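Entries follow in the order I ended up liking.

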Amino acid sequence: MVYRDLREWIEHLETEGELVRLKEEIRLEPDVGAISRAIADVQGLGVLADNIFGFHDARIAIGLSASWRRSAMTLGLPKESSHREMVKAWEKALGRYPVKAKMVAKEDAPCKQNIMRGEEVNLFSFPIPKTSLQDAAPYITKMMCITKDPDSGWVNAGMYRMQVLDRNRTGIMFHGSRHIAEHYNKARRDKRPLEMAVAIGLDPATLLTAAVKIPRGWDEFDFAGALRQAPVELVKAETADLPVPATAEIVLEGELSLTANLLEGPFGEFTGSYSGCLMMPIFQINTITYRNNTIFDFLLCGRPPADGYYMSCIPSVAALEQELRHNCPNITQIAYLLPSLMNCVVQGRWTSRGEARKAILAALSSESIVNSKMVTVVDEDVDPWNAQDVLWAIVTRCQANTDLVILPGLASELDPSAEDDGTGCKFGIDATKSIATSPRHSVVQFILPRQETEAWKKRILRVMKEGGEL
Ligand SMILES: Cc1cc2nc3c(=O)[nH]c(=O)nc-3n(C[C@H](O)[C@H](O)[C@H](O)COP(=O)(O)O)c2cc1C
């Protein structure tokens, strides 16, 4: 489970038959975007490409996060683990918090093997591709942005996409609800630029903590220690007063400007369409440190299934379960109607009809799944991870004139069908059996298959795969 860095993770994936090396020469455009889309679509193997046109020393890792198998392995579970088992593993890691990170000396930090300062700084030394055809520019999509609260000194790590502008400047895009936005707003209040370090190419558990919500006030590095079950090694950045993961492939250091802004985007979002453009600060880079024979770790954003979808599904379900159980104790589990993280399903052992509706309101106003647009509430006999089951519950346990909860005017920034002011309509479906004493509803029951069905399924699948007789 403990992968010291991206390289150990790659070695492990190769041993497990989860990664293939690509020797043939590829080009950043169009190959990387096309390969990553193909991997995510079929949950294929991760790829390590050694031979990139225009780059002598650098390599690129593609699609390492793009499968449920590798999601399970990131959590230290067998590849075939179910979504539910992954949620449980995440909850266990929350229980192990904190495993304190440890500082190491500069000599023991591989990320310091090479350094570019001032005029030498050149982002174009690294193979940073465009993700989708009409993105505004190449983007750094898989990274950890580290900043410090100007008041309390609390260090935050988050994943916020970065649009490459030139050799030493990028844009960044963060929503107002992100912790980095709090830090940046305080820096503006103080009229002092916000220092930021960006770590690229990390072990999968440490990286994951940047991309998902963890409880407020927690330290991402100490949670990463709990998740990987070993302390994260940190080293002081060269110029910024910030800790950075010592085994990172690349570390960018600099400041978020208070005066220089850009119109960020468009960028191909997880909704499957391009974002609009928003004014965002510019990141001015003054130093880059990096490892020999660097590996640039690339992540596909875009219509699910894409890497970000595989990464954030399980942690966001676990976070929502934690958040909602206080208010709705009869919740038994939460899931997504895959392959979208905009459709959430709440399963419960409901004791009154009002409870299911309360769960709808709680889920739609939750901080853990801000992007969810639709919530379906089901009973305990419906598997919330199984779309067929959920749809069946909708058509047999719900009446559209009474069981829909429609909530217009909610923040819905990323929904392409939202209003121009960023608000949209969210809705819930109460697909639970009526608890009233209606005889008609009380007889609604799923028809369970005979126990012999599984054996027949296996025999039919074997004939489909291998031919021969049933
Ligand atoms: C693949 C991926 C890409 C993301 N890109 C962005 C982004 O560009 N901007 C943003 O505000 N949040 C983005 N997020 C969500 C944040 O990384 C996530 O909410 C994280 O918890 C933010 O950290 P914070 O809560 O400490 O601010 C992304 C998440 C994933 C999984």
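Predicted model: local features only at pLDDT ≥ 70, side-chain atom pairs only at ≥ 80, totals over all residues.

I started in the loop that links strand 17 (331-336) to strand 18 (343-348), where P339 sits.

Then I went looking for another cis bond and found G265 to P266, with omega near 0 degrees. P266 also belongs to a loop, the one between strand 14 (250-264) and strand 15 (278-290).

Next I looked at phi. K191 is not a glycine, yet its phi is positive, about 60 degrees. I placed K191 in the loop between helix 5 (179-190) and strand 11 (194-200). I flagged these spots because most residues other than glycine have a negative phi and most peptide bonds are trans.

**Helix 6 against helix 7**

How do the axes of helix 6 and helix 7 cross? I get roughly 135 degrees, with the axes of helix 6 (residues 204-211) and helix 7 (residues 220-228) coming within 8 Å. Angles over 145 would count as roughly antiparallel and 65 to 115 as roughly perpendicular, so I call helix 6 and helix 7 oblique to each other. The crossing of helix 6 past helix 7 is right-handed.

I listed who makes the contact: from helix 6 it is A205, T206, T209 and A210, and from helix 7 it is E220, F223, A224, L227 and R228. Sorted by class, that contact has five nonpolar, two polar and two charged residues.

I traced an open sheet of three strands, order 4-12-13, with mixed pairing. Strand 4 (102-103) and strand 13 (243-245) are its edges, each pairing on one side only.

I then followed strand 12 (residues 233-236) into strand 13: the two run antiparallel and three bridges join them. For K236, I looked up the bridge partner in strand 13, and it is P243.

**Domains**

Last, the overall layout. The chain splits into domain 1 (85-290) and domain 2 (325-438). I noted 33 Å between the C-alpha centres of domain 1 and domain 2.

How many residues of domain 1 are in contact with domain 2? Six, and they meet six residues of domain 2. I sorted the domain 1 side of that contact by class and got no nonpolar, four polar and two charged residues.

Technical notes
Residues numbered from 1 in each chain as written. Domains from an automatic or database assignment. Contact = placed C-beta atoms within 7 Å. Nonpolar A, V, L, I, M, F, W, Y, C, P; charged D, E, K, R; others polar. Pairing = 2+ DSSP bridges. Helix = DSSP H or I, 4+ residues; strand = E, 2+ residues; numbered from the N terminus. Axes fitted to C-alpha atoms, helices over the stretch in contact; angles between N-to-C directions. Parallel < 35°, antiparallel > 145°, perpendicular 65-115°, else oblique. Left-handed = near helix turned anticlockwise from the far one by under 90°.
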